[in-house]
Structure formats: C-alpha cells, structure tokens
Amino acid sequence: MQAKFRFRPVSFSWVAVHPEPKGVIQFVGGAFFGTFPTIFYRYFLRKLFEEGYTIVTLPFRFSFRHWPLAIGLLREQDALRQELTTLAIHLGYEHEIYNHKDRYLWIGHSLGCKYITLLEFLSGKQWPQAIEACIGRKERQRLENLVEANGPEELSIKGQPSLLIAPDISNTESAIPVRAVAQLLDRLQLGVLPTREQTQCLISGSDLFNLAALVSFKKDELAGSITDGQKSEEIQKNSDVLWLLRQLQLRRLPAINQELPGKHLEPLGIQIGPYVVDFNPLDKFVELLSQRFLEKVVIQFLDKLKQRAKDI
C-alpha cells in the first residue's frame, strides 16, 4: 500500500499514520519552532515517514515548569495508543503495532530533548530518592503529588529508544536572554525547574539511558558541540552536548553519537525543488538535498537503537 504523508489531528498531537509502520516516532521539537512541528520540521519528518515510521508530533508548550510537560507527554502516549489503533483500523492500515510499547521511539530537538531525558529519569524505580538528593524533600513531595494526580498508570519509557538532536538542558537564561531578569526569577523561585544543574544531577545519578543516541552540530552555539572539549573551561561548562555525551558514554551501553556540519537549527526545513529551506536567515537558509546528511544518520541510528533494544 502506498504511503501518503499527511498529518491528522489525533488527541493533542498531529499524526502521520503509515499504512505498514515498522515503528512509531514521537517527536518533540524546540521552543517556538516545536509549536508548529508539522511546518518547521516538515522535511525531516517526511523522510522518517518515508522510511516506514508513523510520526507523532507533540506540539511544544512553553512553560518554566518542565515536570508537568514531561509527564503530559507520557500521558499523551497512553491516549494515542488507543486512538491510533482505532484510526488505523478505520483507514485499513496495520494496527497491531500501536499496542506494543516497545515499538515506540522518541526523538527530540533542542529543549524537546530535556523533556525526554526527564521521562527517562522517571522510568527508574529510585527516582523519588534521587529527587530528594538532588533537589530536596519538598520537590520530591511536589513531584509525587503531580504524578499521582496527572501521571499515566505506568510512568516509564523503559525499552523505548531515545535520539537527542542538539540537546538543550535549559536554564532560565536560555528562555530569557536578559540575565538580570532571569536571575531575579530564579531568586523568586519562578524560573525554570528543574534547572540545568538539577537536571545534570538527576541524569548523572541514574543508571538508565542505555538506549540513547546523540546527534550534534559543529557550529552549534546554543547546545554546544563535541569540539567544545578543546575550548576554555567556561565554554565546556556551558556545553550541554559535551556534558551529556560524556555522561552517556559512561553507561552500560554507551550512547551512539555523531557530530555533523551545521548549526543548532539544522533539523528545520521544507523542500523546495532540489533544496531544503530552513527558515534561518542567520544560517545557510537554503541547502542542497545532496549536501544534507541529518536524516540518513538519524535513520541509521534508529536501526541501531532498535537492534540494541532487542539485544538487552
């Protein structure tokens, strides 16, 4: 059956249903661009669809409170399983795959990666103790109440591979570039939670993240790059890519990774003739299809992650 790339509203997401899917990709984009993922990430998502995946785009919602947003993604996954099954049956498509959690994968770009890492952390049994150690008893109680009131029945993405593209483990200063304002919000406890430092503490203390891959870009000045390891201590300290890669390389199954040419917004773009237009006049703006490698690398990484999941 010929696959037609078309997004439909399902639950709170936009979904391109493949007639014969080999997996379900749940995609979370970055701030602003991730609010309209079917437009800004269209070429990237279409290539993954053509590879045989049903695509679920989870529109980005801006908030300084990242725990509720992360938990909401998992709650949405639970709702989508039934709705995707119903829709696929209606369309005459293969539908059994949607009932199997191990056929779902996560891809994040920029800040969307932070939500996925928080879900990975919550998939461990010892997360309440880790929250208390890294953030405090009040935050543990607050999060336990949030999970009890809003969480799905099973709070876990264990067994579901994650591919992180230019991950941004955001602080308040990432959302508000005026440092004085960001620092004021932090002092009033109105800034981003969990902070970058708290998130790093949670990740470093976890024994999960064994089904992870990371793609970074050489000229990324927001999330950083692997080459930051050759720069000053201050640059290394602020490089989320470098910090996360060093952490994920310590896992029982080290992360798959590759750094590509480009800047932070490399995944964006729509196809116009032989070009990809990426909505970024401060970057290249247009790129020949023949010179774009991101989708090929991502598809290869997804295959490797799925094989790794089978071998665990």
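Guide: Helices (H or I, at least four residues) and strands (E, at least two) are DSSP runs, numbered from the N terminus. Keep in mind that this is a predicted model, where local features need pLDDT of at least 70, side-chain atom pairs count only at pLDDT 80 or more, and totals for chains, interfaces and linings use all residues. Residues are numbered from 1 along each chain as its sequence is written, and side-chain values use heavy atoms, with hydrogens and water left out.

Visitor: What makes helix 4 mostly covered?

Guide: The count does: eleven of the eleven residues in helix 4 (residues 112–122) are buried. Among them are Lys114 and Glu120, along with Tyr115, Ile116 and Phe121.

Visitor: Why is the pair of Phe27 and Tyr41 called edge-to-face?

Guide: Rings of Phe, Tyr and Trp (its six-membered ring) pair if their centres lie within 6.5 Å; planes under 30 degrees apart are stacked, over 60 edge-to-face, and the rest tilted. The centres of Phe27 and Tyr41 are 4.7 Å apart and the planes stand at 65°, so edge-to-face it is. This pair links distant parts of the chain, with Phe27 in strand 3 (residues 23–28) and Tyr41 in the loop between helix 1 (37–40) and helix 2, 14 residues apart.

Visitor: How do you know that Phe27 is buried? And what about Tyr41: buried or exposed?

Guide: Phe27 has a relative accessible area of 1%, so it counts as buried. Tyr41 comes out at 0%, so Tyr41 is buried as well.

Visitor: How many aromatic pairs are there by that rule?

Guide: Ten. One of them joins Phe5 and Phe49, and that pair is tilted, at 5.3 Å centre to centre with 50° between the planes. Phe5 sits in the segment before strand 1 (7–10) and Phe49 in helix 2 (residues 42–50), 44 residues apart. Both Phe5 and Phe49 are buried. There is also an aromatic cluster, made of Phe32, Phe33, Phe36 and Phe40.

Visitor: What makes a hole in the model a cavity?

Guide: On a 1 Å grid over the protein atoms alone, a cavity is a set of points where a 1.4 Å probe fits but cannot get out; lining residues have an atom within 4 Å of a point. Grid points are joined across faces, edges and corners, and a volume is the space filled by probe spheres set on the points. Two cavities of 30 Å³ or more turn up. The largest has a volume of about 50 Å³, and its lining includes Ile116, Thr117, Glu120 and Phe209. Helix 4 gives the most to that lining, with three residues.

Visitor: Which residues line the second largest cavity?

Guide: Lys4, Arg6, Arg8, Val17, Leu91 and Tyr93 do, around a volume of about 30 Å³.

Visitor: How do you know that strand 1 and strand 2 pair?

Guide: Two strands pair if DSSP finds at least two bridges between them. Strand 1 and strand 2 (residues 13–16) have four, in the antiparallel sense, and Arg8 stands opposite Val15. They form a hairpin with two residues between them, where Ser11 in the turn has a positive phi of about 55°. Strand 2 also pairs with strand 4 (residues 53–57), antiparallel over three bridges, with Trp14 opposite Thr57.

Conventions: Buried means under 20% relative accessible area, exposed over 50%, partly exposed in between (1.4 Å probe, protein chains only). On a 1 Å grid over the protein atoms alone, a cavity is a set of points where a 1.4 Å probe fits but cannot get out, and a pocket is an open set with protein on both sides within 12 Å along at least five of seven lines; lining residues have an atom within 4 Å of a point.
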